[in-house]
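Colleague: I would like to learn how to read a model like this one. Where do we start?

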Amino acid sequence: MANQTRRNFIKTSALITSATIGLTNKSKAAPKYILSEDRMGVLVDTTVCIGCRKCEWACKVEHNLPTSAIETYDDRSVFNEKRRPNDKALTVVNEYPNDYSDKFPINVKVQCMHCDKPACLSACIVGAFSKHENGAVTWDTSKCIGCRYCMVACPFQIPAFEFEKALKPDIKKCDFCYEQRTSKGKLPACVEICPVEAITFGRREDLIKTARQKIKIYPNRYINRIFGEYEVGGTSWLYLASKEFEKLDFPKLGKDPAPGVSEAIQHGIFAYFVPPVALYALLGGIMWINKNKKSKEKEQEK
Amino acid sequence: MKKFVLFIFVLPLLIYSQTKINVNHKYQELKCKTCHSCDIPTKEKPCLIECPRDKMVSVTQKPEDGPEILTINKIKFENDLYKPVTFTHRLHAEMSDMAGGCKMCHHYNPPGKIIGCIDCHQIERNRIDISKPDLKGAYHQQCMNCHRQWSGKVECESCHELNSSQKSENQKTINSSKKMHPKIEVPAIIKYETPKTKGNLVLFLHNEHIKTFSLDCQNCHSNESCNKCHYKFNPKPEKLKSTLEKHLKCSNCHNTKSNCSFCHSNNPQREFNHFARTGFDISNYHVKLTCQRCHIEKGKFTGLVSDCSSCHGVWSKSNFKHTVVGLQLDETHNEFDCTECHQEKNYKRPGCKNCHEDKTYPKEKPGKLVKK
């Protein structure tokens, strides 16, 4: 150490700093969750769904939400208007006309898609959201501060907020029945009750295989697209339909994951704290120049 | 001991001789469809149904052969909301007669015995193989496909009773077992009026098509919904079809792109005449045969050679009884080979010139006339 020259000292310190920067860089880019190959999903075949809305009923019962008797769900007049999931109904079924047959309207179940790269998770500033190994995207109520960033971030506009509750309002959305069912290897409530098995629960990979097979066998029945296979980086819930998804009120989305944009901006702003420091340095510089000017002016006045 | 061994050997012979089966099963009291799955079995393609065939119900049989009523109770869970369905199988089978037959529900059934839904569709919904729906899904998908067309209703209670209801199941079973679909009348001739100016009439000889081509209803009437006849829930007329769609049923066998006048005319058509159309007279000896006996390939009615030998092989004294044609040959002529007199390949008129210079047929006959 005694022989250490000035040149050597600069070299080693530069190496150490660059190494630490490199390491921190890596740890920041790593995902907060690992996508399991065996993650589960649900395939919704909208050509099979009969619009009986039993899934809506089962969902409410499962999540202790107030509901009317099961017979009241036979009322098809609710289809007159398009509904969205909210804090009182985590899943809803809508109806769209079938161009080829009046007798077979197209029914589409709507709920959280459980994205592979969830925007809600990345937007949450307190890290309340988590993507589980089985594919479920859930949130921790105890951590939630009610900022509702997740609602803004979601490309499907799914998370709902209990606006009517004055005390302890909570975020509400489909939780894949994680706590009570899917974490224990059971089926989600909606899948279990569906009489026609229009919604199939299984490994996401198997579901995609099955869906491809269906499209191949019945090319007239389906359009050649599985919604959710690539949309916003892939979702756990996948859809088959006989009509373009955009006509069934599915959002038009690219293949890039939604968090990509927001994360890039956020991480850009706060990367290694350089931009804030630079900003303060700039402001400090301006102040210093101004101070100098003022002192010079004062000297001149004197 | 020796006697006993001998007896053992002889016994099967004794039994065999007593129960000798008539080898030519054509004359046994058997339905063809009991053993053969296709309409025209040939030596090359016998299309045999798997054994055991006795009392076996296959997809090619009639509604009466199936069960009358079934209670669908294969899927049961602790907290079921609804009671199992009492399914009037016979009634539904009768209804499906005009829409695709047994195969409509018993799809992908291998040749032979009808297998139940449960043999392919798993009871457990939480399963690894998700390539086909589970049993509950399979049942409902089959039912809903028609029920939605029929009434558009999807209420559970149109088929199920609530588990809490007190109605006894037996009553419903008794009521529904009496139901029968009325026999569908088969029209003899259907007259179509078309907008075509040249030949606006098409006379469809419905009965004749069935008879001559030995057709089942499902050969033409497939995927027909109940609403085709029942307007209860579907009062409005069907949308106008394109020319292609209108001719779809006929174009399976007829060339509908050209030769319009074959079916379209201003005057009603006459019945089918094999001789006038093809030059081969079938009115004498082949009148009792179904078309498929000769026209083996389904839908193909051209390209057959009218030589007798193309179907019958080479005739000789040993395999042809001449009395069949109404003429018993006298002793002299009976000795000859067929070709001595019948030089033509169609064995029509005999030529006498080879031996007799002064005699001609039919003025003089080589034997005496007998009843055919």
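Modeller: With the terms: helices and strands here are DSSP runs, numbered from the N terminus. This is a predicted model. Chain A has 8 helices and 9 strands.

Colleague: How much of chain A counts as buried?

Modeller: Of its 302 residues, 45% do. The accessible surface of chain A is about 17,600 Å², and carbon and sulfur atoms account for 58% of that.

Colleague: How many disulfides does the structure hold?

Modeller: A disulfide is a covalent bond between the sulfur atoms of two cysteines. Over all chains there are 0. Cys194(A) is in no disulfide, and the nearest cysteine sulfur, that of Cys52(A), lies 6.1 Å away; the cut-off is 2.5 Å. Cys194(A) is buried, at 10% relative accessible area.

Colleague: How is the interface described?

Modeller: The size of an interface is often given as the accessible area lost when the parts come together. Between chain A and chain B about 2,400 Å² is buried, with 53% from carbon and sulfur atoms. On the chain A side, Lys103(A), Phe104(A) and Glu197(A) lose the most area to chain B, together 27% of what that side buries. The contact takes 33 residues from chain A and 30 from chain B.

Colleague: How many salt bridges does the rule find across the interface?

Modeller: It finds 2 between chain A and chain B. Glu197(A) and Arg127(B) meet through their side chains in a salt bridge, 2.8 Å from N to O. Among the elements of chain A that each supply at least two residues of the side touching chain B are helix H5 (189-193) and strand E8 (199-203).

Definitions and conventions:
Residues numbered from 1 in each chain as written. Chains lettered and ligands numbered in written order. Predicted model: local features only at pLDDT ≥ 70, side-chain atom pairs only at ≥ 80, totals over all residues. Heavy atoms only, no water. Helix = DSSP H or I, 4+ residues; strand = E, 2+ residues; numbered from the N terminus. Buried < 20%, exposed > 50% of the residue type's maximum accessible area, 1.4 Å probe, protein only. Areas by Shrake-Rupley, 256 points an atom, 1.4 Å probe, with all protein chains shown as cover. Contact = heavy atoms within 4.5 Å. Buried area = accessible area lost by both parts, 1.4 Å probe. Salt bridge = Lys/Arg side-chain N within 4 Å of Asp/Glu carboxyl O.
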